[in-house]
Amino acid sequence: MATLYTARQPRVGSVGGFGCGRRVPGASLPGERMGTRKKVHTFVRVKPTDDFAHEMIRYGDDKRSIDIHLKKDIRRGVVNNQQTDWSFKLDGVLHDASQDLVYETVAKDVVSQALDGYNGTIMCYGQTGAGKTYTMTGATENYKHRGILPRALQQVFRTIEERPTHAITVRVSYLEIYNESLFDLLSTLPYVGPSVTPMTIVENPQGVFIKGLSVHLTSQEEDAFSLLFEGETNRIIASHTMNKNSSRSHCIFTIYLEAHSRTLSEEKYITSKINLVDLAGSERLGKSGSEGRVLKEATCINKSLSFLEQAIIALGDQKRDHIPFRQCKLTHALKDSLGGNCNMVLVTNIYGEAAQLEETLSSLRFASRMKLVTTQPAINEKYDTERMVKNLEKELALLKQELAIHDSLTNRTFVTYDPMDEIQIAEINSQVRRYLEGTLDEIDIIDLRQIKEVFNQFRVVLSQQEQEVESTLRRKYTLIDRNDFAAISAVQKVGLVDVDGHLVGETEGQNFGLGVAPFSTKPGKKAKSKKTFKEPLRPDTPPSKPVAFEEFKNEQGSEINRIFKENKSILNERRKRASETTQRINAIKREIDVTKEALNFQKSLREKQGEYENKGLMIIDEEEFLLILKLKDLKKQYRSEYQDLRDLRAEIQYCQHLVDQCRHRLLMEFDIWYNESFVIPEDMQMALKPGSSIRPGMVPVNRIVSLMAVCVVLPASPQPAQAGGQGEDDQDKFSQLQQRVLPEGPDSISFYNAKVKTEQKHNYLKTMMGLQQAHRK
């Protein structure tokens, strides 16, 4: 049998995606509570046939159930447990239903709520040739036979015209999954650039997206139909015994909606997506007679549909934690649509003939499993940052006016809300300096701006004091690097430094400018021992920090160290008690388990021997009664011990916090003491004595003589892009002719215009390709 395929153009695209996020609790279909979980709506559409199996397929009176009856196979013998009857509860059975009725029943509410901010998904599933593509797309040659997809586009644009208070943007994309590969059906458009990398499925917090899928803006109904027909011409189809035009791929047409209020004060806007999924049909290879490439395609289709059914079964099982979405591209792409926050509708297409009854049963089982899946529809609300900034600026101006009126009424006219000028900043700087010198007891606080400026001036004063100390040292002393041996040798020759590298002090009448020598070094005088207390001499090289830390804990930091040890001992004692309590709880738990086993054994023994009742009360023996009392006491002990353990854990957490605080304080005090005792130069110690403006720990050691520089690099501004377009005059004339002769009325004008434009384009491309081939020959 010959296999026919449509020509595929190179797949190109930009960045696009689809999927339903899980962000905000929302609403459901009419008649159901907002924000509550709901089950997927499932419908069955039966393909019309003259050979309908009335004895095997029956519908319920309410058109919401379908019963299947099979005759037993007599070849299995007398003992035959073969199941012969099945009953399926659905949301509706569509038999001999027109395209209008199918859309009104299945899709109208989903599309209507999508315009209110709810995501929606409509999926067609079934056996090959059962009418899935006809239900979803319809016959594009006839306006009356159009399917769900073109009717949904028409409803979207009709509703937009009825909502002048909102600016609604419509975008569309068309994805094809063929042999587990992703293709963009709109990549043949001339303004879509070529794609270097293959399309991939990407997940982010907003949902599932297709990287490389082009998304197209449509401002009118006719443009949307043109994109639909363009994608339809690029779909892969083939012919076999079950269907002359069988779709060989899964297709997902997505409509993206974004609605903004036309009033400037409304910064909130809503977004939504409608996924219209046309699945490829499952087929039995023995019936379809597929061979070669069609056989490979059928294998991929059946495999992906099997993975889809596995995902549906997992979603319907409330105990399942993992859902196998990534087994194939189809389930991964539909991850957020299946069990997400969207309105989900399934249309199962089946045959009504007896020869296809096994496939019909398989499709109905899939529909019943899908009905167990729950979703939670939610409105997708977002905020326009530009409008939000404008509204906040307007609100800020109004609040300033209200504050000004309030201050005038309460005689607080001296309060200002404008940035401070130089005079006010200078006054705050003066107050800060007088406060540090002790001549000012407190700084009067008027408003929040003044508080921020006071802290800023404290930083300024600190920085100025650091600079003053550094400049004083540089002006009074010559600073020599200890590693600069040439400079040290030079000053030794002059006599400013002795052989050991120590500075020589100035003698009386001799000014060397290098500090004051101790009394014992003055000429003509001998050192005398004094009984008075003498400060310890500073060592030439600072001791190691571990040694200094032990000394600090015994002297200056003894009080903090004592508190630290006490808190740590209390913490260890609580931990020990918690460990003992945990051991007792585990022992009680083991005893409870042993008692339960013994009690269960006694119960089973009583049941085997026979139970006795007296006035409706069960009679048990003494051993079982004692076990029940023991189990009750053990549970009481367990609860008591567990409560004690919880209290101990709370105390341990609090003690641990105290220990960490003491440790941090001890280390911080040690760092300050170590730096001021061994790191900061001796000549600077005068500035750190009590009564000076610089207090211990106020000046960081690494900022005493360090200078910093800041470099700022400004990015280059991007250049704007340009675009253009053109139109055709012949098409306008043809449109006017159509408006006069179309029998279906004005509603079908956009549909036929788009159809004619698509046909003209492809006829032109075929003609150009033929001319190029003739020219080459």
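**Entry 1: α14 and α16.** I looked at α14 and α16 and found them roughly perpendicular to each other (65 to 115 degrees; under 35 counts as roughly parallel, over 145 as roughly antiparallel, the rest as oblique). Helix α14 covers residues 545–554 and helix α16 covers residues 622–679. Their angle is about 110°, and the axes lie 10 Å apart. Axes are lines fitted to C-alpha atoms, for helices over the stretch in contact, with angles from 0 to 180 degrees between N-to-C directions. Helices are DSSP runs of H or I with at least four residues, strands are runs of E with at least two, and numbering starts at the N terminus.

I then listed the contact (heavy atoms within 4.5 Å). From α14 come K545, A548, F549, E551, F552 and K553. From α16 come L666, L667, E669, F670, D671, W673 and Y674. I sorted these by class: 8 nonpolar, no polar and 5 charged. Nonpolar covers Ala, Val, Leu, Ile, Met, Phe, Trp, Tyr, Cys and Pro; charged covers Asp, Glu, Lys and Arg; the others, Gly among them, are polar.

**Entry 2: ground rules.** This is a predicted model, with local features needing pLDDT of at least 70 and side-chain atom pairs counting only at pLDDT 80 or more, while totals for chains, interfaces and linings use all residues. Residues are numbered from 1 along each chain as its sequence is written, and side-chain values use heavy atoms, leaving out hydrogens and water.

**Entry 3: α7 and α9.** Next I checked helix α7 (residues 293–316) against helix α9 (residues 357–370). They pack at about 35°, axes 9 Å apart. L308, E309, I312 and I313 of α7 meet F366, R369 and M370 of α9. I count 5 nonpolar, no polar and 2 charged residues there.

**Entry 4: T105.** I looked up T105 in helix α1 (residues 99–106). Beyond neighbours within four places in sequence, T105 touches F43 and L94. F43 sits 62 residues away along the chain, yet the two C-alpha atoms are 9.0 Å apart.

**Entry 5: whole chain.** I noted 18 helices and 21 strands. Of the 777 residues, 38% are buried. Among contacts between residues at least 6 apart in sequence, 73% join residues at least 24 apart.

Terms used
Buried means under 20% relative accessible area, exposed over 50%, partly exposed in between (1.4 Å probe, protein chains only).
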